[in-house]
Amino acid sequence: QVQLVESGGGLVQPGGSLRLSCAASGFTFSTYAMSWYRRAPGKERELVATITSAGDSTNYADSVKGRFTISRHNAKNTVYLQMNSLKPEDTAVYYCNAVHRLVPRYNYWGQGTQVTVSS
């Protein structure tokens, strides 16, 4: 059974930091590119960051470049999102996504974790 379980969300003040984790199981993690998406209230889902299956390349949305860092530990089947200098506009539900590097129809989602940036 495929599972992606996000954790690490919560309430943080502007300028603060959070580290999200996504633990994967039920598939061969090292063959999947991993991404973090977010959906803010009243807005469409946004791609935040992506990392290749080998972890040798990353991409970020312009809105988070220089503040967020995506990383992965293939031996632990886990992907991370380090979020620094958080802003109120980063408030959203953050979702973990896995896409097979060769067969994109193998595409899985986590249940999401809430991040709220507020004073």
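**An open sheet and a loop serine**

In this predicted model, 4 strands form an open sheet in the order β1-β3-β8-β7, and the pairing is antiparallel. The edges of the sheet are β1, residues 3-7, and β7, residues 68-73, each of which pairs on one side only. From one strand to the next, the twist averages 15°. In general, the strands of a sheet pair through backbone hydrogen bonds, in either a parallel or an antiparallel sense.

β3 is in turn joined to β8 by 6 bridges, with the two strands running antiparallel, and here arginine 19 has glutamine 82 in β8 as its bridge partner. Finally, 6 bridges join β8, residues 78-83, to β7, again in an antiparallel arrangement, where arginine 72 stands opposite valine 79 of β8.

Serine 30 lies in the loop between β3 (18-25) and β4 (32-39). Is this residue buried, partly exposed or exposed? Serine 30 counts as partly exposed because its relative accessibility is 33%, a value that falls between the limits of 20% for buried and 50% for exposed. Leaving aside residues up to four places away in sequence, serine 30 touches Ser53, Arg72, Asn74 and Arg101; among these, Arg72 is the residue that stands opposite valine 79 in β8. The C-alpha atoms of serine 30 and serine 57, which are 27 residues apart along the chain, are separated by 14 Å.

Key
Residues are numbered from 1 along each chain as its sequence is written. This is a predicted model: local features need pLDDT of at least 70, side-chain atom pairs count only at pLDDT 80 or more; totals for chains, interfaces and linings use all residues. Side-chain values use heavy atoms; hydrogens and water are left out. Two strands pair if DSSP finds at least two bridges between them. Axes are lines fitted to C-alpha atoms, for helices over the stretch in contact, and angles run from 0 to 180 degrees between N-to-C directions. Buried means under 20% relative accessible area, exposed over 50%, partly exposed in between (1.4 Å probe, protein chains only). Contact means heavy atoms within 4.5 Å.
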